[in-house]
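Work through the exercises below with the structure open beside you. Try each task before you read its solution.

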Amino acid sequence: MDTISITRAHGGTQHVVKHSSRSTGTDMTFSVFVPPQADDGSPCPVVWYLSGLTCTHANVTEKGEYRRACAELGLIFVAPDTSPRGEGVPDDPAAAYDFGLGAGFYVDATQAPYDRHYRMYSYIVDELPDVAASAFPIDLGAQAITGHSMGGHGALTIALRNPGRFRSVSAFAPIVAPSQVPWGEKALAGYLGPDRSAWRAHDAVALIEDGARVDDLLVDQGEADTFLAEQLRPQLLEEACRSAGIPLTLRMQPGYDHSYYFISTFMADHLRWHAERLRQSR
């Protein structure tokens, strides 16, 4: 693991590191904020943050405004990239923003030429926790996950597919039913092929319909989000949770859009929500 930068903030340290990934076959960069409570090496609970389309680790690291709350609550905050990158990594043939580089959708691709490198599900679920915990004082017995847009989709589906791993899950403006919206239809077809039954394992609404469960959910959604009606459709998650008996707190926020102005406004709320659940013993 190579250190790219270390910066002091709110009594803790903000790290950016790079390592060679066995999952993607590329170098992967991620950021880690370590709160002051870990200065003596004590392990701390961790919040994994998954970013959205076009983003890298840098977007939330620079604009997410999470460090003050993490320092107060004693949370480690880890933000990985959204896709593999580097020479030989295939992109969208038309260089569109919603597929290929920056748009890994947190799946393991099965379709050539993407199947060699686009293995973001395995990277997030199987590799990154071990890599991060080998270098930072992360308590893997106290994990939470959240994300934005495509990353919200990733957080929801990964939590639903790995029951018991995460004590809490939340999302900002998530793509809740990618099988039913243009962004998701393009990505899932391109990475997984035309068989829609294979898509259900990467669709939060479908997973809930098929029996997957989490204890509860927190979702914030801006009412002024230009992607709300066509791409996000939180009412589908609301209906699925109601039918399944999953407690969902869906907060529709008047005037807020899809940007980091929105995310940063409610980031501390989400971190407090996670901290409350991470403190609960199991």
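**Exercise 1. Locate Ser 149 in this predicted model, and say what its phi value is.**

Solution. 
- Step 1: Find the position. Ser 149 sits in the loop between strand E6 (138-147) and helix H4 (150-161).
- Step 2: Read the backbone angle. Phi of Ser 149 is near 60°, which is positive, and the residue is not a glycine.
- Step 3: Most residues other than glycine have a negative phi.
- Step 4: Check the accessibility. Ser 149 has a relative accessible area of 2%, so it is buried.

**Exercise 2. Where is Thr 54 found, and what is its phi?**

Solution. 
- Step 1: Thr 54 belongs to the loop between strand E4 (44-50) and helix H1 (57-63).
- Step 2: Its phi is positive, about 75°, although Thr 54 is not a glycine.

**Exercise 3. Which residues does a cis peptide bond join?**

Solution. 
- Step 1: Recall the background. Most peptide bonds are trans.
- Step 2: Look at omega. The bond between Ala 112 and Pro 113 is cis, with omega of about 0°.
- Step 3: Pro 113 lies in the loop between E5 and H3.

**Exercise 4. Classify the ring pair of Phe 99 and Tyr 191, then the pair of Tyr 256 and Phe 262.**

Solution. 
- Step 1: Know what to read. A pair of aromatic rings is described by the distance of the centres and the angle of the planes.
- Step 2: Get the total. The count is 13 aromatic pairs.
- Step 3: Take Phe 99 and Tyr 191. Their centres are 4.3 Å apart, with 20° between the planes. Planes under 30 degrees apart count as stacked, and this pair is stacked.
- Step 4: Phe 99 is in the loop between strand E5 (76-80) and helix H3 (120-135), and Tyr 191 is in helix H5 (residues 182-192), so the pair ties together parts that are 92 residues apart in sequence. Both Phe 99 and Tyr 191 are buried.
- Step 5: Take Tyr 256 and Phe 262. Here the values are 6.4 Å centre to centre and 50° between the planes, and the pair is tilted.
- Step 6: Compare the accessibility classes. Tyr 256 is partly exposed at 28% relative accessible area, whereas Phe 262 is buried at 0%.

**Exercise 5. Which arginine lies over the face of Tyr 66, and which over Tyr 121?**

Solution. 
- Step 1: For Tyr 66, the arginine is Arg 67, at 4.8 Å from the ring centre.
- Step 2: For Tyr 121, the arginine is Arg 161, at 4.2 Å from the ring centre.
- Step 3: Go back to Tyr 66. Ring pairs link Tyr 66 with Phe 33, Tyr 49 and Phe 77 in a cluster.

**Exercise 6. What lines the largest cavity?**

Solution. 
- Step 1: Take its volume. The largest cavity holds about 50 Å³ of space.
- Step 2: Name lining residues. Among them are Trp 48, Ile 124, Leu 128, Arg 165 and Phe 166.
- Step 3: Find the main contributor. H3 gives the most, with four residues.
- Step 4: Sort by type. The lining has eight nonpolar residues, no polar ones and one charged.

Conventions
Residues are numbered from 1 along each chain as its sequence is written. This is a predicted model: local features need pLDDT of at least 70, side-chain atom pairs count only at pLDDT 80 or more; totals for chains, interfaces and linings use all residues. Side-chain values use heavy atoms; hydrogens and water are left out. Rings of Phe, Tyr and Trp (its six-membered ring) pair if their centres lie within 6.5 Å; planes under 30 degrees apart count as stacked, over 60 as edge-to-face and the rest as tilted. Helices (H or I, at least four residues) and strands (E, at least two) are DSSP runs, numbered from the N terminus. Buried means under 20% relative accessible area, exposed over 50%, partly exposed in between (1.4 Å probe, protein chains only). A charge sits over a ring if NZ of Lys or CZ of Arg is within 6 Å of the ring centre and within 35 degrees of the ring normal. On a 1 Å grid over the protein atoms alone, a cavity is a set of points where a 1.4 Å probe fits but cannot get out, and a pocket is an open set with protein on both sides within 12 Å along at least five of seven lines; lining residues have an atom within 4 Å of a point. Grid points are joined across faces, edges and corners, and a volume is the space filled by probe spheres set on the points. Ala, Val, Leu, Ile, Met, Phe, Trp, Tyr, Cys and Pro count as nonpolar, Asp, Glu, Lys and Arg as charged, and the others, Gly among them, as polar.
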